[in-house]
Every structure is written in C-alpha cells, then in structure tokens.
Amino acid sequence: MVTGHKTEGIFRVPGKNDEISRLKAQFNKVLLRSAWLSLGRIAQRSRAPRVCREQMDYTITSDDPNDLGGCLKMWFRELKDPLIPNSI
C-alpha cells in the first residue's frame, strides 16, 4: 500500500543508505538502457524499422517513502549545476 503522502517529514527523516544506493543503481540502469535503446533507434533510421520488444522494469521494490525521498535528495545533491544558484 502506498502511504508516502501521509508520511510526515519525508525529506527530513533519512532513508536506509543501502536501499537508497540500490534505488539509485536501479534508476541508473533503467536510464542507461533507455539511452542505449534511443541511440539504437537513431542509428537504425536509415534501415528498415525494427521493433524493440524488450520491456523496461520500472518496478520500485522499496515501500519506505523515506528511501525514495533520500534517493531524490541524493539526485538533487549530485546535479552538475545546483538547483538554486549560489548567486541568489
């Protein structure tokens, strides 16, 4: 059951580091696979179209909203350019 919308302090309470790292690796794997599939489609435009039947797995196995919040906070921290510029 999804109860994240009822969780108080979702970005204050830290998630479990192991689970956050696992979620990050899962997201990166899906993003990398998606990028490779896109590149393959671009390369094949001159040839006959090929249908990709590979299904992407977007299933998130963590049921703790603090783990997902921690993963999102890590993503914000690791952005090349800060979300809010230092000049403000």
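Predicted model: local features only at pLDDT ≥ 70, side-chain atom pairs only at ≥ 80, totals over all residues.

Visitor: How many helices and strands does the protein have?

Guide: Two helices and zero strands.

Visitor: And what share of the residues counts as buried?

Guide: Of the 88 residues, 22% are buried. As for contacts between residues at least 6 apart in sequence, 77% join residues at least 24 apart.

Visitor: On to pockets. What volume does the largest pocket have?

Guide: About 240 Å³.

Visitor: Which residues line the largest pocket?

Guide: Lys 24, Phe 27, Asn 28, Leu 31, Leu 68, Cys 71, Leu 72, Met 74, Trp 75 and Glu 78. Helix H1 (17-43) and helix H2 (65-77) are the elements that give two or more residues to that lining.

Visitor: Which element gives the most to the lining?

Guide: H2, with five residues.

Visitor: How does the lining divide into nonpolar, polar and charged?

Guide: Seven nonpolar, one polar, two charged.

Visitor: Let's stay with H2. Which of its residues are buried?

Guide: Pro 65, Asn 66, Asp 67, Gly 69, Gly 70, Cys 71 and Met 74. Cys 71 and Met 74 also line the pocket.

Visitor: What caps the N-terminal end of H2?

Guide: Asp 64 does. One of its side-chain oxygens lies 3.0 Å from the backbone nitrogen of Asn 66.

Visitor: Last one. What span should H2 have?

Guide: 18 Å, given 13 residues at 1.5 Å a residue. The C-alpha atoms at its ends are 18 Å apart, so the two agree.

Technical notes:
Residues numbered from 1 in each chain as written. Heavy atoms only, no water. 1 Å grid on protein atoms, 1.4 Å probe; cavity = no way out; pocket = protein on both sides within 12 Å on 5 of 7 lines; lining within 4 Å. Points joined across faces, edges and corners; volume = space filled by probe spheres on them. Helix = DSSP H or I, 4+ residues; strand = E, 2+ residues; numbered from the N terminus. Nonpolar A, V, L, I, M, F, W, Y, C, P; charged D, E, K, R; others polar. Expected span 1.5 Å × (residues − 1). Buried < 20%, exposed > 50% of the residue type's maximum accessible area, 1.4 Å probe, protein only. Polar contact = N/O pair within 3.5 Å; in protein donor to acceptor, adjacent residues only side chain to side chain. Contact = heavy atoms within 4.5 Å.
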